[in-house]
Amino acid sequence: MGCKCAKSLVAVLGKRPSNQDPDGGASSSSSSSRTPSAGAVTPASAASASRGNDFSQCEAKPTDGSAAVVAGGSASAATTEVWDVDEVPMEPPSVALPASAPMYFASRGPSTNSAAASELASDASTTCSGSLADPSLGPSEPVAAAASSPALDRFRAAVAPQLVRRVLNRQWVDQHHDVGYYCKAPLAFLEVGRVSDARVALEEASRYISTGGFGSGCSAYAEEAHVQLPWLWICWAASQLQREDLASACFEKICSFRHPVTDSGLVRRPYHSFRDFEGDFFATAVLCKAAMLCQSTALAAAAGDSLLRVLAANSINMIRRRQFCTRWHWDIGLLDGPDKFYCVSQDSSAGLYYLLGFPAVVLLELSMARVASSRTYREGAERLLEFLKGCRGLCSSPSAHVVAYAAVLAQDNDLAAAITESLLAAGEPGSETFDVADAMDQAAETVIWLSQAHNHLRRTISL
C-alpha cells in the first residue's frame with residue numbers, strides 16, 4: 001500500500017513552489033546458494049544491449065553467459081578472443097578537479113541560513129565553529145527569505161552538537177575507530193552551515209580513505225553490503241570543500257569497484273575478473289554520483305545507462321512479484337539472494353528503501369545535467385519512485401530519507417511530505433544514539449537528505 005500524506009509539503013519542508021508542474025559471472029563461493037529470480041534477465045536476453053540500450057524485458061533462463069554482457073557493453077566484447085578478461089585495466093577515468101569553483105555536477109553548497117546557523121553555533125561545546133559563511137565556498141544562495149522548517153531545524157540543532165562533541169573531540173576519536181562515526185559528519189556539518197567544523201571532520205574521515213568500509217561495524221558498509229560507500233560521502237564533502245586531492249583519492253577507490261565494460265558498480269570485492277563478479281544497482285548509483293562529483297561526464301552517463309538497463313531487467317519482477325532485484329551475476333542474471341541487500345519488496349515492511357531511493361536521486365540529478373538522454377534518466381527515476389510508493393513500509397522507514405529528496409527532485413511533494421513528517425515525528429535523537437556507529441551514521445544521513453530536500457525546495461521558491 002502506498003504512502004498517504006497527512007500534511008502538505010508546505011507544512012513539513014516549507015512553502016510549495018507556486019510554479020511547480022502538476023553484469024555478472026557467478027562466483028563459485030556464492031552462486032550455489034542463490035537462484036535466478038522468476039523474472040531474471042540473463043546475458044542471453046541482453047545480447048543486444050550495448051551502452052545506452054535496455055535489457056530485454058522478457059523472462060529468460062540462465063545461460064552460460066558467453067552470448068552477451070550483463071548490464072551493458074557489447075556482445076562482441078564478451079566473445080572476442082582479443083580480451084584477456086582477467087587483465088582488463090582497472091584505472092578510473094582521468095579526473096580534473098578545478099580548484100577555483102564548485103564541482104560542475106555537485107549538489108548545492110552548504111546552507112547559510114543565518115538564523116539556523118546562529119542557533120547551532122551557540123552550542124557551548126563547539127571546539128571549532130569558525131565562520132559559518134566561508135567566502136571560499138562562494139556567495140550564499142538566494143534563499144534567505146524562504147520559509148523555514150522548525151521541526152527540521154530542531155532535528156539538525158540536536159544532531160550537530162552531538163557530532164561536535166564526538167568527531168571533534170580528540171579523546172573520543174582516539175577511542176572510536178570505525179568509519180561509520182566519521183564519513184558522513186563533514187557533509188552533515190556543511191548542511192547545517194558549520195563549515196570550519198566540516199573541514200576538521202573531513203581530516204578525521206580522511207584517515208579511512210585507505211580502507212573505506214572494510215572492517216566497519218556499520219551494516220551499510222559491511223562486506224556483504226557496500227564497502228565503497230564511505231568513500232562517496234568523503235568524496236562529496238571534499239568536493240564541496242575544494243579538497244580535490246581527497247576527492248580524487250576517493251574516486252579512484254570507488255572506480256576500483258567498476259566493471260570496465262558494463263560501467264556497473266560491483267560489491268564484495270573490487271573488479272578482478274571479466275566474468276566472476278557480483279553487480280549491484282546501488283553500487284552503480286554510487287559510481288554514477290562519484291563521477292558527477294568529479295566531473296567525469298562520460299562515466300556518469302555510462303553508469304546512468306547501466307542503471308536504466310537493470311531497471312528494465314526488473315520490469316517483470318516489479319509487476320508480477322512486486323519486487324526489485326538489486327544484484328546480478330554474469331551467468332545467472334538477477335539474483336534472489338539470501339539477505340535484504342538483494343531485493344526490495346513492496347510486500348515487506350522492513351525493506352532497505354535507500355537501495356532504490358539513492359539511484360532515483362542520481363538519475364534525477366543526471367537528468368538535470370547537460371548530458372544526452374536526460375528525459376530517459378528522469379523517466380527511470382519516476383518509475384523507481386512509483387514502485388517505492390507501493391512499498392508497504394516506506395513512509396515509516398528510517399531508510400526512506402533519501403526517497404524524500406528524490407521525491408522533491410521529481411516534484412512529488414506529497415510523497416516527500418509524508419516521509420519527512422514521519423521521520424521528524426520520531427523526535428530528535430538522544431545523546432546515547434551517538435555512541436553506536438550505526439545509529440550515529442543514520443542520524444547524520446537523515447540530516448543530509450532532509451536538508452538537501454528542504455534547500456532544493458527553498459531554491460525552487462526563490463527562482
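A residue counts as buried under 20% relative accessible area, as exposed over 50%, and as partly exposed in between. The exercises below concern a predicted model.

**Exercise 1.** Determine whether Gln242 is buried, partly exposed or exposed, and state where Gln242 lies.

*Solution.* Step 1: Gln242 has a relative accessibility of 22%. Step 2: this value falls between the cut-offs of 20% and 50%, so Gln242 counts as partly exposed. Step 3: Gln242 is located in the loop between α8 (229-240) and α9 (244-255). Step 4: the phi angle of Gln242 is near 60°, a positive value in a residue other than glycine.

**Exercise 2.** Describe helix α13 and its packing against helix α11.

*Solution.* Step 1: α13 (residues 354-368) has 15 residues and reaches 21 Å from its first C-alpha to its last, close to the expected 21 Å. Step 2: 14 of these 15 residues are buried, so α13 is largely enclosed by the rest of the structure. Step 3: α11 (residues 297-313) and α13 pack at about 130°, with their axes 11 Å apart. Step 4: the two helices are therefore oblique to each other, and their crossing is left-handed. Step 5: residues of α11, including Gly304 and Leu308, meet residues of α13, including Pro359 and Leu366. By class, this contact has 8 nonpolar, 1 polar and no charged residues.

**Exercise 3.** Classify the packing of helices α15 and α16.

*Solution.* Step 1: α15 (residues 401-409) and α16 (residues 413-425) pack at an angle of about 155°, with axes 8 Å apart. Step 2: angles over 145 degrees count as roughly antiparallel, and α15 and α16 are therefore roughly antiparallel to each other. Step 3: their crossing is left-handed. Step 4: among the contact residues are His401 and Val408 of α15, and Asn413 and Leu423 of α16. The contact divides into 8 nonpolar, 3 polar and no charged residues.

Notes: Residues numbered from 1 in each chain as written. Predicted model: local features only at pLDDT ≥ 70, side-chain atom pairs only at ≥ 80, totals over all residues. Heavy atoms only, no water. Helix = DSSP H or I, 4+ residues; strand = E, 2+ residues; numbered from the N terminus. Expected span 1.5 Å × (residues − 1). Buried < 20%, exposed > 50% of the residue type's maximum accessible area, 1.4 Å probe, protein only. Axes fitted to C-alpha atoms, helices over the stretch in contact; angles between N-to-C directions. Parallel < 35°, antiparallel > 145°, perpendicular 65-115°, else oblique. Left-handed = near helix turned anticlockwise from the far one by under 90°. Contact = heavy atoms within 4.5 Å. Nonpolar A, V, L, I, M, F, W, Y, C, P; charged D, E, K, R; others polar.
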